[in-house]
Structures are given as C-alpha cells and as structure tokens.
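Subject: Structure handover

Hello! Here is the structure I promised to pass on to you. Please open it alongside this message, and my notes on it follow below.

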Amino acid sequence: MNIRHTINLVEASQKLEKIHLNPLAYKMSALEPCMSENCVRVHYDILTQRYFDKYAETGDLFQKAGAVLHNDYYWPCMQPYSKKNSPTILLQEMIDNSHGSFAKMQDKVLETALGIQGNGWVLIMQDLQIVSVQNHVIKPGIILAIDIWEHATVDYDYNREKFLKNYWNIVNWKKLESLLE
C-alpha cells in the first residue's frame, strides 16, 4: 500500500492501515560515492524500517507519521549516482522561473540546510519553495525531502555542505517531475 494514501491525518487517528516500507529501486551500493552502502544499509534497513514499524504499531501522528512520510519521499527520489545528473527540461524551466537558475536553487537549499539547528529536513515543495522542518513536522505538498539528520551526513563527517554538493548527483528528477502531476 502506498504510504501517501495510508497517512490520511483525519482517518489515521481512528483507523490504522497496514503500511510497509517499499523496497529500494536501486542497489544499496548504487548511491556511492555520494552515500556509502553502509550508510544506506543502516539508514534504510534499520532507521527507516523502525519508523515504519513504530507508526504501524502506534499510529503516532505527531512523530512517526512525519518520519514515515519524509522517508517515503527521500528514498524513491534518489537514483544511482551520476556526475551528469541534471533536472528534466520541465523542472529546469520551473527552477529557472522560481529561483533564477539551478545553481541559485542549490544555494538556497544549502542556506536552508545550514540554518537547521540540530536535525531536520529540507523540503522542496510543489511550487519549488524551499522550507525546513525540525524533526518530522508534516508539511503538505512535498516533492523532495532531503534528510539533514546526522546519519544522512555521516559519510561527510557531518559536513552538510559537502553532503549537499554530492547529493544532486543522486536526485531522481524524473520522479520529482511525476510528483508535480
């Protein structure tokens, strides 16, 4: 069952539905060198699975549902590493209209990530607005959730700037475009 359909904030408090963590569409090593296989294994197999299990067990809408939702945008919006990875034509046009250029959008994402005190997420919304949330606060209209928690940046000695510089090489732009529909 698709998690976005499962987490209906009105009905979820009254009735929990069975949810499950979808398998990755790529090998755990496919994100290297941006994200090591070990980082993906710990982050996906242990931490993300735990969020899904805890939400299914408790239905805790304030913490677990947000964690499940963000991770459900995080993993599918990545693809195997490529140095030549760039936005689709449609997304490039939208980025240019919203931010002036892809480089300016990247700068705004970095600025937002560096502004997060502790742990959180940088979210790119359907209108390409860039926002941050602490912990797992739910915001409607996400197309990309970028994990800024310590386990996401462990391969970079917790340097968010280095992590984000490489992160753009694993973004699945076609998936993001499909989320705009």
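**Starting from Leu123**

Neighbours within four places in sequence aside, Leu123 is in contact with His70, Gln129, Ile130, Val131, Val133, Lys139, Ile142, Leu144 and Ala145, where contact means heavy atoms within 4.5 Å. Before going further, a word on the source: this is a predicted model, in which local features need pLDDT of at least 70 and side-chain atom pairs count only at pLDDT 80 or more, while totals for chains, interfaces and linings use all residues. Residues are numbered from 1 along each chain as its sequence is written, and side-chain values use heavy atoms, with hydrogens and water left out.

Leu123 belongs to strand β1. Helices (H or I, at least four residues) and strands (E, at least two) are DSSP runs, numbered from the N terminus. Leu123 counts as buried because its relative accessibility is 0%; buried means under 20% relative accessible area, exposed over 50%, and partly exposed in between, using a 1.4 Å probe and protein chains only. Between Leu123 and Asp147 there are 8.8 Å in space, C-alpha to C-alpha, and the two are 24 residues apart in sequence.

**The whole chain**

The chain has eight helices and three strands. Starting at the N terminus, the elements run α-α-α-α-α-α-β-β-β-α-α. Of the 181 residues in the chain, 46% are buried. If you take contacts between residues at least 6 apart in sequence, 63% of them join residues at least 24 apart.

**The sheet**

The three strands make an open sheet, ordered β2-β1-β3, with antiparallel pairing; two strands pair if DSSP finds at least two bridges between them. At the edges are β2 (130–134) and β3 (142–147), each of which pairs on one side only. From one strand to the next, the twist averages 25°. Helix α6 (residues 102–114) packs on this sheet and touches β1, β2 and β3, and its direction makes about 20° with that of β2. Axes here are lines fitted to C-alpha atoms, for helices over the stretch in contact, and angles run from 0 to 180 degrees between N-to-C directions.

Strand β1 (residues 120–125) pairs with β2 in the antiparallel sense over five bridges. Across this pairing, Leu123 stands opposite Val131, and Gly120 has Gln134 as its bridge partner. β1 is also joined to β3 by five bridges, again antiparallel, and there Met125 stands opposite Ile142.

Is β1 buried or exposed? Six of its six residues are buried, so β1 is largely enclosed by the rest of the structure. In a regular strand the side chains alternate between the two faces of the sheet. Here, Gly120, Val122 and Ile124 point one way from β1, and Trp121, Leu123 and Met125 point the other way.

**Turns and loops**

β1 and β2 form a hairpin with four residues between them. In that loop lies Leu128, which has a positive phi of about 70° although it is not a glycine. Leu128 counts as buried because its relative accessibility is 3%. Asn135, in the loop between β2 and β3, also is not a glycine and has a positive phi of about 55°. With 39% relative accessibility, Asn135 counts as partly exposed.

One more loop to look at: Pro33 sits between α2 (9–12) and α3, and the peptide bond from Glu32 to Pro33 is cis, with omega near 5°.

**Helices and core**

Helix α3 (residues 37–58) has 22 residues, which should span 32 Å at 1.5 Å a residue, and this agrees with the 30 Å between its end C-alpha atoms; the expected span is 1.5 Å times one less than the number of residues. α3 has a kink of about 25° centred on Gln49, the bend at a residue being the angle between axes fitted to the seven residues ending there and the seven starting there. Among the buried residues of α3 are His43, Tyr44, Tyr51 and Phe52.

Helix α4 (residues 64–74) is mostly covered, with ten of its eleven residues buried; His70 and Tyr74 are among them.

Which residues touch the most other members of the largest nonpolar core? They are Ile146 and Tyr167, in a core of 59 residues. Such a core is a set of buried Ala, Val, Leu, Ile, Met, Phe, Trp, Tyr and Cys residues joined through side-chain atoms within 4.5 Å. Apart from neighbours within four places in sequence, Tyr167 is in contact with Cys34, Tyr74, Met78, Leu144, Ala145 and Ile146.

Best wishes
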